[in-house]
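Here is a short note to read with the structure open. Take the points in order and find each residue as you go.

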Amino acid sequence: MNKLLLKLAVLLMALVAAASLMAAGNPASSSAKRAINPPGTAEGLPFSNGILVGNTLYVAGQEGSGKLAEGIGPQTEAALGAIKKIVEQAGFQMSDVVSVTVYMADLSEFGDMNKVYKTFFPEPRPARATVQVAALVANARIEISAIAVKTK
């Protein structure tokens, strides 16, 4: 009798697990990580520009490409342009961005950064944290990272 109960319990657990997977509507492989590195981005870096897991895209901090532009406005535009390129390469849109972190060398440039920033995101704009840091790579004035979620 105990063997029969054990077999029934195992069968029931297997059915519950199968039903859960079917209800999720996503095969197990959809949660595999995939790197997003658009053409023309630097190779050999110890990180990916973006990582796509399921319906969520994590975008690494971007400072713009090539030689850093002068001033916070052009640097903000370059960083957000790089983010847009990664977002679109992954099949997302900027309206899918739900969270942004902005790292600034000088918060006195906050207003000028916001003038450019708001042109990249439609309403409702993503949640955001902005912090001043002691230094950024290559003496950049700004670095921006983002998280996007694709809704069905």
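At what angle do helix α2 and helix α3 pack, and how far apart are their axes?

1. This is a predicted model. Helix α2 covers residues 72-89, and helix α3 covers residues 110-117. The two pack at an angle of about 40 degrees. Their axes lie 9 Å apart.

2. Next, look at who touches whom. On the α2 side, the contact is made by I72, G73, T76, E77 and L80. On the α3 side, D112, M113, V116 and Y117 take part. Sorted by class, this contact has five nonpolar, two polar and two charged residues.

3. Which residues of α3 are buried? They are M113, V116 and Y117. These residues cover an arc of only 100 degrees around the axis, so they sit on the same side of α3.

4. What covers the buried residues of α3? The cover includes helix α2. It also includes three strands: β4 (97-104), β5 (127-132) and β6 (142-149).

5. Now turn to the loop between β5 and β6, where A134 lies. Is A134 buried or exposed? Exposed means over 50% relative accessible area. A134 has 88%, so A134 is exposed.

6. Finally, check A134 against D106. The two are 28 residues apart in sequence. In space they are 8.7 Å apart, C-alpha to C-alpha.

Terms used
Residues numbered from 1 in each chain as written. Predicted model: local features only at pLDDT ≥ 70, side-chain atom pairs only at ≥ 80, totals over all residues. Heavy atoms only, no water. Axes fitted to C-alpha atoms, helices over the stretch in contact; angles between N-to-C directions. Helix = DSSP H or I, 4+ residues; strand = E, 2+ residues; numbered from the N terminus. Contact = heavy atoms within 4.5 Å. Nonpolar A, V, L, I, M, F, W, Y, C, P; charged D, E, K, R; others polar. Buried < 20%, exposed > 50% of the residue type's maximum accessible area, 1.4 Å probe, protein only. Arc of directions from axis to C-beta.
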